Amino acid sequence: MADTKQDVLDMLRDLAELTMLDEGDPQSFRVRAYESAAQAVAAQANDLGTLTARDLQRIEGIGKSTAEKIRELLETGTVEKLEALRAKHPSSVVALLRIPGLGPKAVKKLRAELRVESVDDLRHALAAHKLRELPGFGAKSEEKLAQALARLDEQGDVGRTPISVALPLANRIVAQLREVKGVQHAEYCGSLRRFAETIGDVDVVVAATDPEPVMDALTGMTSLVDRVLGRGPAKTSIVTKRGTQVDLRVVAPHQLGAALLYFTGSKGHNIKLRQRALARGLTLNEYALSEIDGGRVVASETEGQIYEALGLPWIAPVLREDQGEIEAAESGRLPSALGDVIGDFHVHTSVSGDGRSSLDEVVAEALARGVRVLAITEHAERTVSGVGREVLLEQREAIRALRTKLGDRLVLLHGVELNIDREGALDWDPEFRASFDWCLASVHDHFDLDRATQTRRVVRAMQDPSVRMIGHLSARMIGARPPIELDLDAVFDAAEETGTALEINGGLPRLDLSVETLRRARARKFPIVLTSDAHRAEELQRVDYAARNAEKAWLDRDRVANTWGAKKLAAWATGGKIALT
Ligand code: DGT
Ligand code: CA
Ligand code: CA
Ligand code: ZN
């Protein structure tokens, strides 16, 4: 089995989610037991497959019944309890949980009282004003839910899979397919390769001489496949247990480039390429670029060869959105890739309530990744996972001690993530805030305030002399929580006037600033900072996702502080705020 740990984590997460629905209570004992077991498993370095139920139970955070379920999964590929819960709570019901304002208790009630079993059912119930008579709901919550649903519809997100779910899924599938005999190449394409924030379906392209074993491998992934939608000689489609469709195409190795290009899209990009081909007496499809007269193949093996034959340099997938990238490529005006990311300015350790790795582990991982400037930023006290003065002062001593050991390999900053309250006030007094090397400030509550209040709140935080950067500006969770209402122009003005940077949070559930917001910020001057918001050492890798978002928005390299040289970056980070206008 290729990825037992991920299978176990998926199982525990599904158990937690479905149990929450089953009991109508996110705080139930069982839900928390599954969640803490998932954390314990995630922290395990060794292969779970070799551990007995008793060994598993000795791991702190894993109880007897959970240990037995893990063994059951490893031995049989399924877990009876989980299958029973799935039968009771189909994925259409789970989808209801993603609507802002709908928790497990409410979903349970809607099912029992109104037979709401899907987002569509909810839509009908809302249209018929059935919720206002329901105890615990009322006209106000009916209106709020209708608004939440309308916003989701507007974003076209209903039924789409957030990238935070689709990317790990695609990585797993691709990794397993690469191990199949005869497979020369396997890659996910489609909107996921273009780094879209929600994904309609996952498209996988494999180059192999014999498609059969590849199709078998996909349909045989019993821990994730719910049903096979169709299977043919070149294409197989499945639906996962979490309701995401996966289309797998197997092509001959010499056709790989044409297939990757075609199935990566976007459709608009493909159409422009095809027009370009026609103008040159060529035709382009998923098999090859060939001459119209006679059919001689001009290029098919790699994407680069096809672009070259069309008189273009290779265009990065994130740019293939039919936004003028072909014209820009032709005249050499494509934005350059961001290159190495050598700084991270939003990182938690186990000192934060929700952090999992020690300071030493985080620093070791940062060094291994080539990071030269690192700010450790625990949550400030006024939030659930936050920490108080004393603990932070202790950490400051630990960081000082570490600095002498690090020498000039790494500039290690003692920072903190402040909470912006309703009025825009921050944790602690100005003196204590000023004692940190680096403060970022983020919105962690009151997501429903009106636009003027939200804008005032964020701008006021920016005006504080200690605040160098705003974290995850919109506070959205992709597919789960809409962005807060903001007057972006006013926020951008304030960023320039105060010299405050804005973060691109690379956590996949957030990706905040979004590509859309970044496009609007392109002509502005304030610095953009890529961050991982890591809560575990491995998550430092998420700055790369932030970089993809910046590239997708065509952001000018100079705007992204992380790509500056180490000296300039460190000088800027430690130098205090400088207004830009
Ligand atoms: P999605 O799945 O809705 O997030 O978006 P995509 O872009 O992954 O779209 P999908 O899965 O329908 O198709 C994958 C790629 O295949 C798409 O990006 C471009 C290509 N493709 C699909 N249908 C057409 C078509 O009718 N014409 C052209 N030129 N390309 C197509
Ligand atoms: Ca797709
Ligand atoms: Ca597709
Ligand atoms: Zn954070």
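The six donor atoms around the calcium ion (ligand 2) subtend angles of 69 to 165 degrees, so the arrangement is irregular. Donors here are N, O and S atoms within 2.8 Å of the metal, or 3.2 Å for Na, K and Ca; water is not among the atoms, so sites may look incomplete. Irregular is what remains after two tests: four donors are tetrahedral if all angles lie between 85 and 135 degrees, while four are square planar and six octahedral if opposite donors are over 155 degrees apart and all others between 65 and 115. For reference, ideal octahedral angles are 90 or 180 degrees.

A word on provenance. This is a predicted model: local features need pLDDT of at least 70, side-chain atom pairs count only at pLDDT 80 or more, and totals for chains, interfaces and linings use all residues. Residues are numbered from 1 along each chain as its sequence is written, chains are lettered from A and ligands numbered from 1 in the order in which they are written, and side-chain values use heavy atoms, with hydrogens and water left out.

Back to calcium. Ligand 2 is coordinated by Asp 201 (O), Asp 201 (OD) and Asp 203 (OD), at 2.2 to 2.5 Å. Asp 201 also bridges to the calcium ion (ligand 3); the two ions lie 3.7 Å apart. Asp 203 is buried, at 12%. The cut-offs: buried is under 20%, exposed over 50%, partly exposed in between, with a 1.4 Å probe and protein chains only.

Next, zinc. Which residues hold ligand 4? His 346 (NE2), His 348 (NE2), Glu 417 (OE) and Asp 533 (OD), at 2.0 to 2.5 Å. Angles among the four donor atoms run from 79 to 167 degrees, and the site is irregular. Along the chain, the donor spacing reads H-x1-H-x68-E-x115-D. Glu 417 is buried at 1% relative accessibility. Asp 533 is buried too, at 6%.

Last, ligand 1. Its shell has 16 residues, and the closest are Arg 160, Ser 191, Gly 200, Asp 201 and Arg 274. To count as near, a residue needs a heavy atom within 4 Å. Now the N and O pairs. A backbone N or O atom of Gly 200 sits 2.8 Å from a ligand 1 oxygen. A side-chain N or O atom of Asp 203 is 3.0 Å from an oxygen atom of ligand 1. For Tyr 262, a side-chain N or O atom is 3.5 Å from a ligand 1 nitrogen.

Terms used:
Polar contact = N/O pair within 3.5 Å; in protein donor to acceptor, adjacent residues only side chain to side chain.
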